[in-house]
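Here's a quick briefing for anyone meeting this structure for the first time. Have a look at the sequence and the model, then work through the notes below.

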Amino acid sequence: MIGVTILGATGSIGVNTLDVLARRPDRYRVVALTANSDVDRLFEQCLLHGPDLAVMADAAAAERLERKLVEAGCVTRVASGVEGLCLAAGLPEADCVMAAIVGAAGLVPTLTAVRAGKRILLANKEALVMAGPLFMEEVRANGAVLLPIDSEHNAVFQCLPAEYSRGLSRVGVRRILLTSSGGPFRQRPRLLRDVKPEQACAHPNWVMGRKISVDSATMMNKGLEVIEAKWLFDADPDMIDVVVHPQSVIHSLVEYLDGSMLAQLASPDMRIPIAHALAWPERMESGAERLNLFDVARLDFEAPDLERFPCLRIAFEAVRAGGTAPAVMNAANEVAVHAFLEHRLLFTDIPAVVEAALTALPARAATTLDMVLEADREARACAGKWIQDSALGVMP
Ligand code: NAD
Ligand code: MG
């Protein structure tokens, strides 16, 4: 039996992971589940999957969960806070940890799983964006295995030869092409200023959490993914291109020196990369609908519009600046997206907040976790002030 812990079990990726695991109860056992504050959903998941440990980041929520579990006669232990999340991440009974907390909150628990030498199924791209070099060094030092869940990176991984970690140029790779659906506003004719959160969250091809949905609408998601690809595959940003492909059938491609391009195609269903990484190097059923090429009929490709979607340009600049810049970008973006979702910020001001933070906090070295977390804190303060000033009518 393979023991699996899910960090972020109640989210979109967490729920999809439980769906895949439940197809092979003879092979997988759920060891721990964690969530932020959704007591009812984690309670139901505990009854259904019987983990040893359930963790709520929120202490009051953890107390409520514990009471409900005791009343239901469920033996699952309960813990809380970041300590609880880290306890779950490092439990010796788990071979495999799905890192599916959204945002910077996932960094410390995910690093704990890395340090425990687990097989990490990485959905939480923000952790790698914030702390790329440090994260990858910990993976190497602790013999952890890092498998990408992000559909694009999972596709690239599937199109690379097994020896790619010797260096992309050594295995003949010329380019990595990350595909993007273009999000809900690819063809919107007019200004994006008046976009509402519900419109930004209505992704044409994928059902996802609200934060990543907004990131897809601004294309910051693709920017985060460029940085994620740099660290996962040790790829120079000049080797990474973004291709808008509205059908979301090709999940990404690798171009080789001889002119060959390898692509991975599948229905847009996150259970496919999840099942791939769970079973790797074998294969398992995912429950996803099979791709019917006659229904797809055609595949379209366009260049991204960097004027309409400045976040993609900003991300390329941040990865080239290096050091703390990606952590600053990520934190400012999280604050801006949160404010937008609460109707406190215009959609078109999201990139403005991020650029203001990057200008105010020039890149410094980010060689320790403390340096990264300090940059994250400073960027959050800076972005918060920008949003407050603009609400007061002060030109930020
Ligand atoms: P979601 O919002 O649906 O779920 C997030 C999960 O994280 C929930 O379980 C929530 O309880 C937990 N969480 C939130 N804040 C927390 C905190 N402060 N402390 C502890 N736990 C916290 O998000 P999602 O769409 O499942 O995305 C999760 C991650 O996977 C993100 O990093 C996202 O970029 C990445 N990802 C998602 C998809 C997708 O299809 N949903 C695809 C690719 C990558
Ligand atoms: Mg993706």
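Let's start with two helices that pack together: H4 (residues 81-90) and H5 (residues 107-115) meet at an angle of about 30°, and their axes are 8 Å apart. This is a predicted model, where local features need pLDDT of at least 70, side-chain atom pairs count only at pLDDT 80 or more, and totals for chains, interfaces and linings use all residues. Residues are numbered from 1 along each chain as its sequence is written, chains are lettered from A and ligands numbered from 1 in the order in which they are written, and side-chain values use heavy atoms, with hydrogens and water left out.

**Helices H4 and H5**

- H4 and H5 are roughly parallel to each other (angles under 35 degrees count as such).
- On the H4 side, the contact (heavy atoms within 4.5 Å) is made by Val82, Leu85, Cys86 and Ala89, and on the H5 side by Val108, Pro109, Thr112 and Ala113.
- Sorted by class, that contact has seven nonpolar residues, one polar and no charged ones (Ala, Val, Leu, Ile, Met, Phe, Trp, Tyr, Cys and Pro count as nonpolar, Asp, Glu, Lys and Arg as charged, and the others, Gly among them, as polar).

**The magnesium ion**

- Asp150 (OD), Glu152 (OE) and Glu225 (OE) coordinate the magnesium ion (ligand 2), at 2.1 to 2.2 Å.
- Donors here are N, O and S atoms within 2.8 Å of the metal (3.2 Å for Na, K and Ca), and water is not among the atoms, so sites may look incomplete.
- Along the sequence, the donor residues follow the spacing D-x1-E-x72-E.
- Asp150 counts as buried at 8% relative accessibility (buried means under 20% relative accessible area, exposed over 50%, partly exposed in between, with a 1.4 Å probe and protein chains only).
- Glu152 is buried too, at 8% relative accessibility.
- Glu225 sits in helix H10 (residues 220-233) and is buried, with a relative accessible area of 1%.
- Setting aside neighbours within four places in sequence, Glu225 touches Lys125, Asp150, Glu152, His153 and Leu178.

**Helices H13 and H14**

- The axes of H13 (residues 310-321) and H14 (residues 325-341) come within 7 Å and cross at roughly 145°.
- H13 brings Ile314, Ala315, Ala318, Val319 and Ala321 to the contact, while H14 brings Ala325, Pro326 and Met329.
- By class, this contact of H13 with H14 has eight nonpolar, no polar and no charged residues.

**Ile212**

- Ile212 lies in helix H9 (residues 210-218) and is partly exposed, with a relative accessible area of 22%.
- Ile212 and Glu334 are 122 residues apart in sequence, yet 9.9 Å apart in space, C-alpha to C-alpha.

Note on methods
Axes are lines fitted to C-alpha atoms, for helices over the stretch in contact, and angles run from 0 to 180 degrees between N-to-C directions. Helices (H or I, at least four residues) and strands (E, at least two) are DSSP runs, numbered from the N terminus. Angles under 35 degrees count as roughly parallel, over 145 as roughly antiparallel, 65 to 115 as roughly perpendicular and the rest as oblique.
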